[in-house]
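Q: I would like to learn how to read strands and their neighbours in a model. Where do we start?

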Amino acid sequence: MKFNYIYISSIAIIFASCSQKPAQEAAPPVEVVSTKLKPVVVTQPAANDTDDPAIWVNPEDASKSLIIGTDKGNEQGIGALYVYDLDGNIIKDKTVENIKRPNNVDIAYNIMIGGESMDIAVCTERYTNSLRAFALPSMKPVDNGGIEIFLGEELREPMGVALYQNPESGKLYAIAGRKTGPDSTYLWQYLLEDDGQGNLKGTLVRKFGAFSGREEIEAIAVDNELGYVYYSDETYGIRKYYAHPDSSNTELALFGNHGEFTQDHEGISIYKTENGKGYIIVSDQQANKFHIFSREGSENNPHDHRLMKSIDVSTSESDGSDVTSLPLNDRFKHGLFVAMSDDKTFQFYRWEDIAGEDLEIMDVKADKVLKAQ
């Protein structure tokens, strides 16, 4: 099964569920019983501390797609980028070890490096204040040992990263967050391009992003087609800005701040259907839930992201997630949602199980949106 680049670039991230937890009654107290959605695949465990996954869809054969997942490491912060197949098995010869505290990871397609078009995975390496980049599916490094970021800042320690590829120019940008930072320029955006020697270099092009000061900002997601970036300001809300570096730095939306979340707003993924529609899925970390908001906003306001559904999952304390609407194999016919769990695993869900009867799925073969049955 071969997909062209235009559709692969629209791979999305989303999450949903088949069950919604009923509200507790004030009196008398009642026991709330909730059916948790269970994954169809649980990966082999990593060595230390899983954090964030990304899905690479193989353009030649989708059944050979890979899940890239970060392991933040041991007490000294020596971690790894794990590579899994769709059965959750670790592919040892592709796994990259000895990365110093990797946090988040993202994927980009058809990037020109050394005169060759390649797909890449980019992660943050917190203890070296760098971005790391690896060619897919070989996992060969293409970063000359690391791309330093937040230079000149006292507060560095990169954590979150999301990649934005301009649909018109093809230019690739990394939007990076850090462990802590200022209240108005928390995120820095870098142009990633060939350094002329077969590696990527990064050039700072923008500083933006409000921060409440409450906890930290780690989860970042980019909607390439609509041109937006979203990030979780933990315990405060989900913030939305334009993704292009030449755009306004005015905040476009702040949502998920009306009592939907128990504590930390975490991993963000975007499930894309047709005509700019779909869902924004955000982890309610301590509640072991995902809340699903409309991607397109409301009829009169594209920045009015309303809550569509909340789902309880057996995945525990999830930091990061990713999703694709492409069919991958007989098990994942309508896409895959992957979420990190604090038992050192990543857990795979079928999109139709998440959608239930409430949300739409993308039927790629028919090129239309169907209601999940």
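A: Start with pairing: two strands pair if DSSP finds at least two bridges between them. The model here is predicted. In it, β2 and strand β3 (residues 66-71) are antiparallel, with five bridges between them.

Q: Which residue stands opposite Pro-53?

A: Gly-69 in β3 stands opposite Pro-53.

Q: What holds paired strands together in general? And in what order do the four strands of the open sheet come?

A: Strands of a sheet pair through backbone hydrogen bonds, in a parallel or an antiparallel sense. Here the order is β2-β3-β4-β5, with antiparallel pairing.

Q: How many bridges join β12 to β13?

A: Eight bridges join strand β12 (residues 187-194) to strand β13 (residues 200-208), and the two run antiparallel. One partner pair is Tyr-190 with Leu-204 in β13. The two strands form a hairpin, with five residues between them. In the turn, Gly-196 has a positive phi of about 90 degrees.

Q: Is Ser-294 buried or exposed?

A: Buried means under 20% relative accessible area. Ser-294 has 5%, so Ser-294 is buried. This residue is found in strand β20 (residues 289-294).

Q: Which residues is Ser-294 in contact with, leaving aside its neighbours within four places in sequence?

A: Ser-294 is in contact with Gly-278, Ile-280, Asp-304, His-305, Arg-306 and Met-308. Take Met-308: it lies 14 residues from Ser-294 in sequence, and the C-alpha to C-alpha distance is 6.4 Å.

Notes: Residues numbered from 1 in each chain as written. Predicted model: local features only at pLDDT ≥ 70, side-chain atom pairs only at ≥ 80, totals over all residues. Heavy atoms only, no water. Buried < 20%, exposed > 50% of the residue type's maximum accessible area, 1.4 Å probe, protein only. Contact = heavy atoms within 4.5 Å.
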